[in-house]
Amino acid sequence: MHLYSRLIEHDLLTNSMNPVLKFLIRVGETISGLEYLKEDPELLYIMCKNYFCIPNSSLWSDREFTNCFINFANTIPGSKAILECNRQLITPYLNRIWKADEDELSFLSGSDRAVEETVFDFMKIIFTLTFSLNCVQSLLSNDTDDESTLVDSDKKASHLRDLIDDALNTSGPGTVSCYVGLLSIRMLISNLNILIFIERTMNLQEQLQLLQSECTVTYDEENQTTVSNSDVIIDECSLVRQNIINFIQNVGTVKHGTQNMFKTMKPQRIHSSAIPSAKTRRLNDFQRFLNDTRNNLHDQGWLYQARKTYRQCCGDTLKESVFIDLIQQVRLTVPNTKSYFIWPDNERILPELFPEDLVGISLIVRFGANNKILQPSFQYETVLAHLLKQVSSFLNIERDKFDGFDWFVGIVFLICGGNMERTKIVLQCMVHLPVTPYIWSVFGKEMSIKRNWEYASHFEHTLSILIEDLEIFKPALESAGISWNALTRNWIDQCYFNVLEWSELCNFLAMAVLFPPEHVLYYLICTAQHLQARFLNTFISNDLTTYQRIFNLDGFRINDWIGSMDQMGKQYKNILSKY
């Protein structure tokens, strides 16, 4: 295919919207199509370098373009092209912002509309980048041949790295560059893997807190003077800066960020609404069912009764101990299958973690401690770190760089109350369940290699078939330029942490292990219907808040949708049996 790649390169340089290119984009926007294109790495590299990096703001509102870009960015050739075209990809859009900001006519008229429009166009690009950790790692890399643009304060940022550096080194009432940099950070860290990458490489939270502490005054009404170091200055930069601080300190609590949290520097945690106290949880019918049938035969009849009982109780808060009991009993319904994985003994040398993994561990443990899931004054971070090393050995994972935190293991660790042995038992049960590759992304990748079956591609293809029936939802995606595949992939990679409220996250995992694997697809269709109004509002309002809100499912309740999932099970049973 080498000659073919050369022909494509020539065609791309002379006609960027030729039919062949359009066909390749349609192929590359799916995981299965990308696998075919990977057979010619040079073709991927050429497409990224000569098409995706060409300045054209309208393309970033095109769903096929953004889907394809995200997929290509997660390949080695795509990452290489983005690294080489760092300036070409970002600089033209930043220059438009700086030009609009310096426009004398806009200044004299007192209108910031031109600046707002260029900033909004730029943030659509940042929104797309949010779905690719690999792309952000390349764009923030110091291994670029371009010289830094921030030699002095008069020069404007032309790289994403410089833009973020400027935002983390500017205190007081900020410049437009500082404001755009802070907005970019806030958008990017909606992906928790990008959050822990930036936190590790740039010491994000500490830098922001330091800047915010230097950006405070108190007003003395009697003398009509100001005194430093008290209340937060309410200017645009300090507002966004405080929002980022609150976001980081409240990771896992879904309702944060939807209200004004800029009046104080102290983080606002939501305990009671996120995690009801164990004392207030009642023993519901589902827990009684598990207790009463623990020693019964676990066959299809047991599954039928368990699902029937769960439907009646899924509106209740599910105790973590019930989930552990459920996993162990559902495991008994699955015939013994070939085991690809063996838990490491004490003599096996365990792989090392990346520094970013330690940041992810810190976020998990802090959430557990703040919400009384984990007991205080215990070295949970050390325990979870050792557990993650064991899991990497268990699944035979080999990594040469940080490619994402294993959020699923972190969630199971919380459900098990930080008990390593319980977590180990649950994980060993999970690897035998047919649904696991679709909800534990790290495991799914390894199983795809072991069985030579691309789970993610099959999942994405089947989901696309079901989405076709949502007549209003699909045009909403088209108009907003949002990649539904990338969004759902991001949710699953994070195991819905910081996407669902904790009680709903536990309910989702219970539903996933109890019902057939296709119920995970039906669940996502229901979330699409839940978010439909937000997607429609994304471009109508031109408000960045609407972009951020589609990253979470606040207000989603499984008991409101369980009936719809059952109906879809009947409707699509014959269709899905073909795949």
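1. In this predicted model, helix α18 packs against helix α28 through Glu-320, Phe-323, Leu-326, Ile-327 and Val-330 on the α18 side, which meet Trp-502, Cys-506, Leu-509, Ala-510, Val-513 and Leu-514 of α28. Sorted by class, this contact of α18 with α28 comprises 10 nonpolar residues, no polar residues and one charged residue.

2. As to geometry, α18 spans residues 320–331 and α28 spans residues 502–514, and their axes come within 10 Å of each other while crossing at roughly 10°. Since angles under 35 degrees count as roughly parallel, α18 and α28 are therefore described as roughly parallel to each other.

3. Helix α12 takes part in two of the contacts described here, with α9 and with α15. For the pair with α9, which covers residues 113–129, the axes come within 9 Å and cross at roughly 30°, so that α9 and α12 are roughly parallel to each other; the crossing of these two helices is right-handed.

4. The residues that α9 brings to its contact with α12 are Val-115, Val-119, Phe-122, Met-123, Ile-126, Phe-127 and Leu-129, and those that they meet in α12 are Val-176, Val-180, Leu-183, Ser-184, Met-187 and Leu-188. Of the residues in this contact of α9 with α12, 12 are nonpolar, one is polar and none is charged.

5. The pairing of α12 (residues 176–188) with α15 (residues 236–249) has axes that come within 9 Å and cross at roughly 20°, which means that α12 runs roughly parallel to α15. The crossing in which α12 passes α15 is left-handed, whereas that of α9 and α12 is right-handed.

6. On the α12 side, the contact with α15 is made by Cys-178, Tyr-179, Leu-182, Leu-183, Ile-185 and Arg-186, and on the α15 side by Glu-236, Cys-237, Val-240, Arg-241, Asn-243, Ile-244 and Phe-247. By class, this contact of α12 with α15 holds nine nonpolar residues, one polar residue and three charged residues. Leu-183 of α12 is listed in the contact with α15 and also in the contact with α9.

7. By class, the lining of the second largest cavity is made up of four nonpolar, five polar and two charged residues.

Note on methods. Residues are numbered from 1 along each chain as its sequence is written. This is a predicted model: local features need pLDDT of at least 70, side-chain atom pairs count only at pLDDT 80 or more; totals for chains, interfaces and linings use all residues. Side-chain values use heavy atoms; hydrogens and water are left out. Axes are lines fitted to C-alpha atoms, for helices over the stretch in contact, and angles run from 0 to 180 degrees between N-to-C directions. Helices (H or I, at least four residues) and strands (E, at least two) are DSSP runs, numbered from the N terminus. Angles under 35 degrees count as roughly parallel, over 145 as roughly antiparallel, 65 to 115 as roughly perpendicular and the rest as oblique. A crossing is left-handed if the near helix is turned anticlockwise from the far one by less than a right angle, and right-handed if clockwise. Contact means heavy atoms within 4.5 Å. Ala, Val, Leu, Ile, Met, Phe, Trp, Tyr, Cys and Pro count as nonpolar, Asp, Glu, Lys and Arg as charged, and the others, Gly among them, as polar.
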